Amino acid sequence: MPRVRVNGVHLCYEAAGSGRPVILVHAYPVGRTMWGPQVAYLRQRYRVIAYDCRGFGESDAPPAPEEYSQPHSVEDLRGLLRGLGIQRAAVVGLSMGGNIALHFALSDPAHVAGVVICDTGAGSDDPVQFRAVTDGWARAAETGGVEAFAAAILGHPVWAGYAARGPAEAAAMRAMITAHPPHGVAHTARGTLGKRPPIFALEERLRTLAVPSLIVVGERDLPCIAPSKFMADRIPDALLHVMEGCGHFNNLEHPAEFNRILEAFFRKIGWEG
């Protein structure tokens with residue numbers, strides 16, 4: 001896979017198709033491969049780019065904890081667009097990726113044609129408790145390696161919900177979780193997830209977001225429903241789509257429906273090839 005040097009690290013990315021660019025930002029801790037159904041579909045009409053965030057997959061994983069934070073993640077996304085010569089893109093993110101996409105749009109709206117924020121905001125209701133959870137994930141990775149980390153995180157309802165759909169889904173989720181270096185997922189848990197601002201603290205900034213926005217959430221993704229509605233109520237003219245029968249990973253649970261939702265939004269904002 002090609003790599004681009006961004007902010008002192010090499011980010012691995014997958015590019016497919018041609019046309020107007022669409023950037024896909026992955027969830028924690030699964031990497032760019034979670035977007036397989038979207039890359040296969042969107043490549044027919046768009047230039048689709050899915051990348052591994054720092055610490056994940058085939059991207060560099062700096063050893064120092066201070067190299068991981070939400071500002072680092074946002075700057076990496078900005079640098080990725082610059083490195084690929086992209087002036088403006090539609091940006092789609094899920095969970096951790098949704099937070100990155102949102103903060104990128106808040107900080108650099110001129111380079112965002114539209115933003116899709118999916119299943120984002122877990123932990124916003126109780127940031128202190130959420131930091132304790134993410135610290136537990138970090139300790140599991142540091143003390144027991146990636147297998148212990150996978151066992152710990154697969155016990156959380158967000159990931160267990162998708163894995164419970166069947167043996168194939170459970171195997172796929174486990175493979176996606178174990179594809180990363182232990183220190184990468186540990187430092188991201190503490191430095192990026194545990195220290196990011198809760199969605200409910202962003203009210204004033206959300207009201208100023210001048211980027212076409214779509215909020216997508218699964219009806220069974222209980223930790224993300226209130227933050228999703230909060231964003232939709234405060235971002236000017238934002239659209240909210242609640243996907244029935246879905247949990248956290250709605251792009252994998254109902255990929256055809258998810259793809260249609262994306263495509264309809266891109267048409268609405270005039271982002272067509």
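User: Which strand holds His10?

Analyst: His10 falls within residues 9-16. Strands are DSSP runs of E with at least two residues, helices are runs of H or I with at least four, and both are numbered from the N terminus. That stretch is strand S2.

User: What sort of model is this, and which pLDDT do side-chain atom pairs need?

Analyst: Residues are numbered from 1 along each chain as its sequence is written, and side-chain values use heavy atoms, without hydrogens or water. It's a predicted model, where totals for chains, interfaces and linings use all residues, local features need pLDDT of at least 70, and side-chain atom pairs count only at pLDDT 80 or more.

User: Is His10 buried or exposed, or in between?

Analyst: Buried means under 20% relative accessible area and exposed over 50%, with partly exposed in between (1.4 Å probe, protein chains only). His10 has 28%, so call it partly exposed.

User: Which residues does His10 touch beyond its sequence neighbours?

Analyst: Contact here means heavy atoms within 4.5 Å. Skip the neighbours within four places in sequence, and His10 is in contact with Arg3, Val4, Arg5, Ser59 and Asp60.

User: How far apart in space are His10 and Ala61?

Analyst: In sequence, 51 residues separate His10 from Ala61. Going C-alpha to C-alpha, the gap between His10 and Ala61 is 8.9 Å.

User: How are H2 and H3 set relative to each other?

Analyst: The axes of H2 (residues 70-83) and H3 (residues 96-107) come within 9 Å and cross at roughly 70 degrees. Axes are lines fitted to C-alpha atoms, for helices over the stretch in contact, with angles from 0 to 180 degrees between N-to-C directions. Under 35 degrees counts as roughly parallel, over 145 as roughly antiparallel, 65 to 115 as roughly perpendicular, and the rest as oblique. So H2 is, relative to H3, roughly perpendicular.

User: Which H3 residues meet H2?

Analyst: H2 brings Gln70, Ser73, Val74, Leu77, Arg78 and Leu81 to the contact. From H3 come Asn99, Ile100, His103, Phe104 and Ser107.

User: Which helix gives the largest share of the lining of the largest pocket?

Analyst: A pocket is an open set of points on a 1 Å grid over the protein atoms alone, where a 1.4 Å probe fits, with protein on both sides within 12 Å along at least five of seven lines; lining residues have an atom within 4 Å of a point. Of the 21 lining residues here, the closest to the centre are Ala122, Gly123, Phe130, His156 and Pro223. The largest share, four residues, comes from H4.
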